Amino acid sequence: MSRGLRSPFVALGLAVALAVTAGCVGEAPSGGAASGDTIKVGVLHSLSGTMAISEVTVRDAELLAIEEINAAGGVLGKKLEPVVEDGASDWPTFAEKAQKLISQDRVATVFGGWTSASRKAMLPVFERNRALLWYPVQYEGLESSPYIFYTGATTNQQIVPGLDYLREQGKKKVFLVGSDYVFPRTANKIIKAYAAANGMEIVGEEYTPLGHTEYSTVVNKLGQARPDAVFNTLNGDSNVAFFKALRGAGITADAMPTVSVSVAEEEVAGIGPDNIAGHLVAWNYYQTTPGAANQTFVAAFKARYGANKVTSDPMEAGYNAVKLWAAAVAKAGTTETEAVKAAAKGIALDLPEGTVTIDGENQHVFKTARIGLVQPDGQIREVWNSGQPIKPDPYLKGYSWATGLS
Amino acid sequence: MFLVVALLLLAAPALLPAFRLELLAKWLCYAIVAVGIHLAWGRGGMLTLGQGVFFGLGGYAMGMHLKLADAGPGALPDFMVWSGVETLPALWAPFRDPVFALAMVVVLPTVTALLLGTLVFRQRVRGAYFAVLSQALAAAFVILLVGQQGLTGGTNGLTNVRYFFGLDLYDPAGKRIVYYLVLGALLAVFLAAWQLSRSRLGRLLVAVRDGEDRVRFLGYDPAVVKTLVYAVSAAMAGIAGALFVPVVGILGPADLGVVPSLEMLVAVAIGGRFSLGGAIGGAVLYHYASTGLSETFPSAWTYLQGALFIAVMLWAPRGLAGLLASGLSLLRRRRASPPAAPAPEEVPA
C-alpha cells in the first residue's frame, strides 16, 4: 500500500517543486526599460505554427529597423535590445508572452501580432499594464485602443479604395471569397454596405476554413455566378489552392479579375507568379513603390537577409513601427508610455511608402492606398493610387453608407 | 511528500510574482484535465483524443456568462458588436443566470460524453476507432465554433474577460483568489479520481481495460462502465475549461482543437498515464516546459519539445512516474538484501 500511495505523489511533488522553483529563479530582477546602457523592446510574432511563414518576415523587418537605429547611435543615447518571443500562432500564448515581456523583461514597448485574433488577445494585456503595442498589419477596423498603435491600413485605406477602383472600372457584380474568421467577415460586411449604397451587386459570398485547400466547389460557383470581379479575403496557403483552381478552370484574370487584400509579394512567390499574374491586389506599399527611402529599405533588407528576399506591405509597416516609436521616444525624451503616446501625436517620417504621419486621434497612420497588378516576375506594379495619404477612419464615421456598421 | 507539494502549492501566491502565478494556475487547469485523462485512458484504456471538446463546452458555458456579466444588463458582448449581431441570440440568454451557467459547465460535457459513450461503446467501438472518432469530434467542434462568429466569437473566441463573479481579474488579489479556486478544484478532482479508482467501478474499469470480453462473460456490461467513466472525465475537462476562462481571460477554438487535445494527452503520457500523480505532474511539467523552452529558445523550442516527447516514449513508456517507481523499487530491493516477494507491479496488458 505504501508504495502504491507514494510513487504518484513523488512524481507529482517533483514536477510541481521543479515548476515553482524554476518560476522563482526565472524571475531574476531586471533593470527596467531605460536603466543601464540599453533599452529593451519586445518583438512578439509567431515563429512556429501556421502563421510563422508570414510573421517571421515581419520580425526580420523589425529587427532590421532596430539594427539600423543602433548603428545610428540608438535612442536617447542607448542601444536598443530586442527581446524576441514566439506567439506560436496561438492567441492565448500571445497574451501570455506579452505579459511576460511587460512584467519580466520590462520592455519599453512591444512590436507584434499579425492576426486579428492575436491582437484581440493581447489588447487587454496592454490596456491593463498601460504598455504600448505596435501592430503592423492591415485589419478590419472598428477598434482604437489607447495602448495600441496601428501602422497597417484600416478599412478606409485599403478595402474602400479597392472598391472605389472596381467601381471606376465599371465592375457591377462582385463575388466575395474569404477565409472564415473575423477579418474577412467584417470586411465583407463593410463591402456589402458599400455595394448597397453604390449600385453594386453582391452575387455570392463564400467562406472556407483557414488552411482550406480544396477550391473546385468555390470556383464552380464563380463560374456559374459570372461576376465582373472577385473580392478575395482568403489568407495564407488557401490562396495557393484558390488561384491554381481558378487557372485550372480556365478563368483568366481578364474575364474575372480578383482583388486580393492579403496577397503581397511574399505570398505571390508562394502562389507562383504564373498562377496569379494579371490579378489585382490592394495595399499601401509594394517593393516597387518609387522613392529613395524605399530603395534604401529594399537594398538594406536584401543585404541583411539575402538577395532573393522580397519586401511586402506588412514588413514595411513593422519596419515603420520601430522607426515611428524611436522618433516618438526621442521627442519625448523618455520611454515612459504616456509621454511617448503624447509625443507620437502628429509625428511624420519619410518611410518606404512615403511620408507617414501618426493620427493622434486614433493612433493609426495616414496611408496612401495603392492598387497593384501582379506581374509575371512576381513583383507588383502600381496601377492606381489615392494621390495623397488617406486619413485613418477605423469606425468609418466619414462614410454615410457605413452608419450602423459599428 | 504530499505535504510538501500541498504546502508549496498553497504558498505559491506568496512566492511567485503575479504573472508566474497566473501561469501556474493555467497549468493546474490542464492538470485537472489530466486527472480525467488518467481515468479514461490510464485506467479505462479509452484513448480519448478529443478532451478539448469537453474543455471547450465547460469553458464556453463559463465564458458566455462572464461576457454577459461584463457587458451589463441589456448590452451585447463586445464581439457581437463587431460581428454585426444586434439582438442577443436565444442560445445566450439563459447564460445570464449564474446558477444556470455553472450547472452547464458540468452538464454540457457530461451529457455529450454520455450520449457519445452510449452510442459508441454499445457498438463496441474501441481502440484506434474510438481514438479517431474522438479526434474527429474535436475537429468538427472547432469548425462549428469558427463558423458561427456572431454566436461564438469565431477564431477570436471570447476575449477580454475582466470580472469573475465580482472579482477584478486585472487585480493581483483577484488573481490569487482564482488561483486558490483552481487549486481547490484540482484537489477535489484528485480525491474524486482517487476514490473512483478504489471503488468497485474503478476495479471493473481496469478489468474492462485488460479483458473486456471476460468482464462481459462475468455478467457486467462494459459499455456502461466505460460510458460512466468517460462522462466523469468529460466533466473534469469541463470544470478545467470553466476555470481556464478567468485564469487566462481568453478562450477560443485555438485551445480546443485537435492539436491542443493531443497536447493534453501527450502531457499525461509523459507524466505517466497509469499514475494519478504522474498524470498531474506530467500536465504541469509539459506546460512548464512549453513556457520555459519557448522563452529561452523562441525559434527552436518546438523541436526540443518533440525530442523530449520521443525520449520519454522510447525510454520510459510508462512515463516519468513509471520511471520513478521502477527506480524506487530498485533502490528498495538493493537495500533489503534478501529480496522480499516482489511487489505486485501495476502494469497493464
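Over all chains, the structure holds 28 salt bridges, a salt bridge being a side-chain nitrogen of Lys or Arg within 4 Å of a carboxyl oxygen of Asp or Glu. This is a predicted model, in which local features need pLDDT of at least 70 and side-chain atom pairs count only at pLDDT 80 or more, while totals for chains, interfaces and linings use all residues. Side-chain values use heavy atoms, with hydrogens and water left out; residues are numbered from 1 along each chain as its sequence is written, and chains are lettered from A. Helices (H or I, at least four residues) and strands (E, at least two) are DSSP runs, numbered from the N terminus.

**Salt bridges in chain A**

- A:Glu205 and A:Lys192 form a salt bridge in which the closest N and O atoms are 2.9 Å apart. Because A:Glu205 lies in strand β7 (residues 201–208) of chain A and A:Lys192 in helix α6 (residues 182–197) of chain A, the pair ties together parts that are 13 residues apart in sequence.
- A:Glu205 is partly exposed, with a relative accessible area of 28%, and A:Lys192 is also partly exposed at 35% relative accessibility. Here buried means under 20% relative accessible area, exposed over 50%, and partly exposed in between (1.4 Å probe, protein chains only).
- A:Glu338 forms a salt bridge with A:Lys341, with 3.8 Å between the closest N and O atoms. The two residues, A:Glu338 and A:Lys341, are three residues apart in helix α13 (residues 337–344) of chain A and so are separated by about one helical turn.
- A:Glu338 has a relative accessible area of 35% and is partly exposed, whereas A:Lys341 counts as buried at 14% relative accessibility.

**Salt bridges in chain B**

- B:Glu22 forms a salt bridge with B:Lys175, the closest N and O atoms lying 3.5 Å apart. B:Glu22 lies in helix α2 (residues 18–43) of chain B and B:Lys175 in helix α8 of chain B, so this pair ties together parts that are 153 residues apart in sequence.
- Both B:Glu22 and B:Lys175 are buried.
- A network of salt bridges links B:Arg126, B:Glu212, B:Asp213, B:Arg216 and B:Lys226.

**Strands of chain A**

- Six of the eight residues of strand β1 (residues 38–45) of chain A are buried, so the strand is mostly covered.
- β1(A) pairs with strand β2 (residues 79–86) of chain A in the parallel sense over eight bridges; two strands pair if DSSP finds at least two bridges between them. A:Lys79 in β2(A) is the bridge partner of A:Thr38.
- β1(A) also pairs in the parallel sense with strand β3 (residues 110–112) of chain A, over three bridges. A:Val43 stands opposite A:Phe111 in β3(A).
- A right-handed β-α-β unit is made by β1(A), helix α2 (residues 52–71) of chain A and β2(A). Right-handed means that, with the strands pointing away from the viewer, the path from the first strand over the helix to the second runs clockwise.

**Annotated spans of chain B**

- The unreviewed UniProt entry places the annotation "transmembrane region" on several spans of chain B, including residues 177–196 and 228–252. UniProt positions are in the numbering used here, feature names are shortened, and annotations may be inferred rather than shown by experiment.
- Residues 177–196 of chain B are 100% helix and 0% strand, with 28 Å between the end C-alpha atoms.
- Residues 228–252 of chain B are 84% helix and 0% strand, and their end C-alpha atoms are 28 Å apart.
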